[in-house]
Amino acid sequence: MNTAPDLPLETRSGLPEPLRVLVRELPREGWESHGNFDQLTRFWLDRHLMFRDLLAKLRGGSEAFLDGRLEARRHGRETGRYAGFLLNELHGHHQIEDVHYFPKLAGLDPRIEAGFALLDADHHALDGHIHALAGTTNALLSALDKPAGEDAVRDAAGTMHEHLTAFEGFIDRHLTDEEELVVPTLLKFAPKL
């Protein structure tokens, strides 16, 4: 794969124009009506939607707890369930993309090959953010399990909320860029994956 452009996930505002060549040809509005839009593409986009929904639930639960609208134990149960599922599913999703899909798709059009290297670099950057989110989740759950006091629980919840907010932005940037590279590639070339 070509070397990834130096566009860190944390500071990128979108794909650079040279990598947008296929999405300009096949814009998002026409994806679902395209003849090559299939069940695999729908499933893959639905996974991205699920990640966004889980993050919104986690953030919403965090805000409800911090605002006093959600009881601590319930918040802990929901946070543990949603965060565990999200982090496990993200890890598996990225692994399949890195090992199977991206290498096959990258070679289909040399104009966007560097984009797949960029997405791979995103996955490496996201690993650190995934571990940080797991750490803040565990810290919150630990504070809820111990008689650490209400201040310690609120501090842990506040730290987790900060991580969630940043993580949600990073994930959305990555997922949007990934969709704008992958879906037009699938539509144009209809590779056997």
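1. Basis. The model is predicted, so that local features need pLDDT of at least 70 and side-chain atom pairs count only at pLDDT 80 or more, while totals for chains, interfaces and linings use all residues. Residues are numbered from 1 along each chain as its sequence is written, and side-chain values use heavy atoms, with hydrogens and water left out.

2. Leucine 140. With neighbours within four places in sequence left aside, Leu140 is in contact (heavy atoms within 4.5 Å) with His75, Thr79, Val153, Ala156, Ala157 and Met160.

3. α3 and α4. These helices pack at an angle of about 160 degrees with their axes 10 Å apart, the axes being lines fitted to C-alpha atoms over the stretch in contact and the angles running from 0 to 180 degrees between N-to-C directions. The two are therefore roughly antiparallel, a term for angles over 145 degrees. Their contact residues divide into 16 nonpolar, seven polar and six charged; here Ala, Val, Leu, Ile, Met, Phe, Trp, Tyr, Cys and Pro count as nonpolar, Asp, Glu, Lys and Arg as charged, and the others, Gly among them, as polar.

4. α4 and α5. The axes of α4 and α5 come within 9 Å and cross at roughly 160 degrees, so this pair too is roughly antiparallel. The residues of the contact divide into 21 nonpolar, nine polar and three charged.

5. Aspartate 122. This residue of helix α4 is buried, with a relative accessible area of 2%, where buried means under 20%, exposed over 50% and partly exposed in between (1.4 Å probe, protein chains only). Beyond neighbours within four places in sequence, Asp122 is in contact with Leu9, Arg12 and His174.

6. Alanine 166. Located in helix α5, Ala166 counts as partly exposed at 35% relative accessibility. The C-alpha atoms of Ala166 and Lys188, 22 residues apart along the chain, are separated by 34 Å.

Note on methods:
Helix = DSSP H or I, 4+ residues; strand = E, 2+ residues; numbered from the N terminus. Parallel < 35°, antiparallel > 145°, perpendicular 65-115°, else oblique.
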